[in-house]
Amino acid sequence: MNTIDELKVFKQLESDVRSYSRSFPTKFQKASGYRLWNSEGKSYIDFFAGAGALNYGHNHPTMKAKLIEYLVNDGITHSLDMATEAKEHFLTKFHDVILKPRNMDYKIMFPGPTGTNAVESALKLVRKATGRQTVMSFTNAFHGMTLGSLAVTGNKFKRSGAGVPLHHAISMPFDGYMGKDVNTLEFIENFLKYSGSGISLPAAVIVETLQGEGGINVASTAWLNGLGKLCKRYNMLLIVDDVQMGCGRTGSFFSFERSDLKPDIICMSKSIGGYGLPMALTLIKPELDLLGPGEHNGTFRGNNAAFITATEALNYWENNSFTEEIEKKSVIVHQALEEIVHRFPELEGERRGIGLMQGIAFPPGIAEQISMLAFEQGLIMETSGTDSEVIKLMPPLTIDEQGLMLGLQLLNQCINEIAAKQKAPIAHV
């Protein structure tokens, strides 16, 4: 069956807003670990991991067993924010395994099932807590597709989809945006310090410590520490968006653990559910737990099936072995990408990222060619950056070394082919 016939139903009946089915034009049938199979039986290595929602891979066996057992025993599936055993077990284990060992004191809010729900609740909360309206965000940031989240998102294309002006936010340069030798925090402080800047004091700053969608831009530890001090100096609350970078993507459970940051609010989603089931958290310093009952709610904020798998996923974080495993794999990826950059200087690549969120930035057009060719060869990976200029490697954290090396070999073959085309002489007619 050709691709056109295979995707006929989707083309006829599904909205044109669909995107990933265009990037990966096949009909998938099953998945396990780091592999997917289409309806024709072709196997694909997954370096995409559900855009970061599948850090523990597809159909994780112990999570699946726990979920099946829960469903067979008629466990509660939907409960709004009522008290359930499944939620109690998650709350207790999250406190004992994640928060308590890190000396972190947060109340846990379930804002709804997605990352943008967590961000919206955080924006609402900081405005209530401070009485101020403006929230500072950063160039190339991505925080979600609802209006409040779009207002603090940098991508022009995504912002244009709002259809209305996006207010009460101001964008400032992220670390490195103005060049490697420019400390953008000094630039930002000039706007906060002087009364003629035209900027009112923000209620909060929202930041990704590593911008995934924005092009795999890593904030240095010094910059993050400076940002934390800047927030304290000017009485601004600090929101860390760990929707995609949390749950081990950068190595540690929270992406900011490499710094001295102590966020007032942390937004989580994607892999917090463990199995790819919808779930989100807003972690709030106790003194900021100011929203009254029902002041922020949502019908699907009590996904008990996700509580079951999320609780099981926390087993990975009971000691440091998983972090050490991620760090070993990240070194393999780092070395492989650096070798590619040096082997093909004509492609002008630049390796970026940390942990198992790494990639290579190229001149416009090359990353998209690599992604398309990789898919044809059986490797699923997406691009990032405002011009899709970065090829992004985001495999499941649980991928074994053999699978990681296979994927990297496929990537190397694809880039080799693209480089050969770049060198090919132009035929004259």
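Is Tyr316 buried, partly exposed or exposed? Let's work through that and a few related exercises together. The model is a predicted one: local features need pLDDT of at least 70 and side-chain atom pairs count only at pLDDT 80 or more, while totals for chains, interfaces and linings use all residues. Residues are numbered from 1 along each chain as its sequence is written, and side-chain values use heavy atoms, with hydrogens and water left out.

**Exercise 1. Classify Tyr316 and Tyr56 by accessibility.**

Step 1: recall the classes: buried is under 20% relative accessible area, exposed is over 50%, and partly exposed lies in between (1.4 Å probe, protein chains only).
Step 2: Tyr316 has 24% relative accessibility, so this residue is partly exposed.
Step 3: Tyr56 has 3%, so this one is buried.

**Exercise 2. Describe the aromatic pairs, starting with Tyr56 and Tyr316.**

Step 1: rings of Phe, Tyr and Trp (its six-membered ring) pair if their centres lie within 6.5 Å; planes under 30 degrees apart count as stacked, over 60 as edge-to-face and the rest as tilted. This rule gives 22 aromatic pairs.
Step 2: the centres of Tyr56 and Tyr316 are 5.2 Å apart with planes at 25°, so the pair is stacked.
Step 3: locate the partners, with helices taken as DSSP runs (H or I, at least four residues) and strands likewise (E, at least two), numbered from the N terminus. Tyr56 sits in the loop between helix H4 (49-52) and helix H5 (61-72), and Tyr316 in the loop between helix H12 (304-313) and helix H13 (321-343), so the pair ties together parts that are 260 residues apart in sequence.
Step 4: Phe254 and Phe256 also have ring centres 5.2 Å apart and planes at 25°, so they are stacked. Both of these residues are buried.
Step 5: one aromatic cluster includes Tyr56, Tyr316, Phe254 and Phe256, with Trp317 also among its members.
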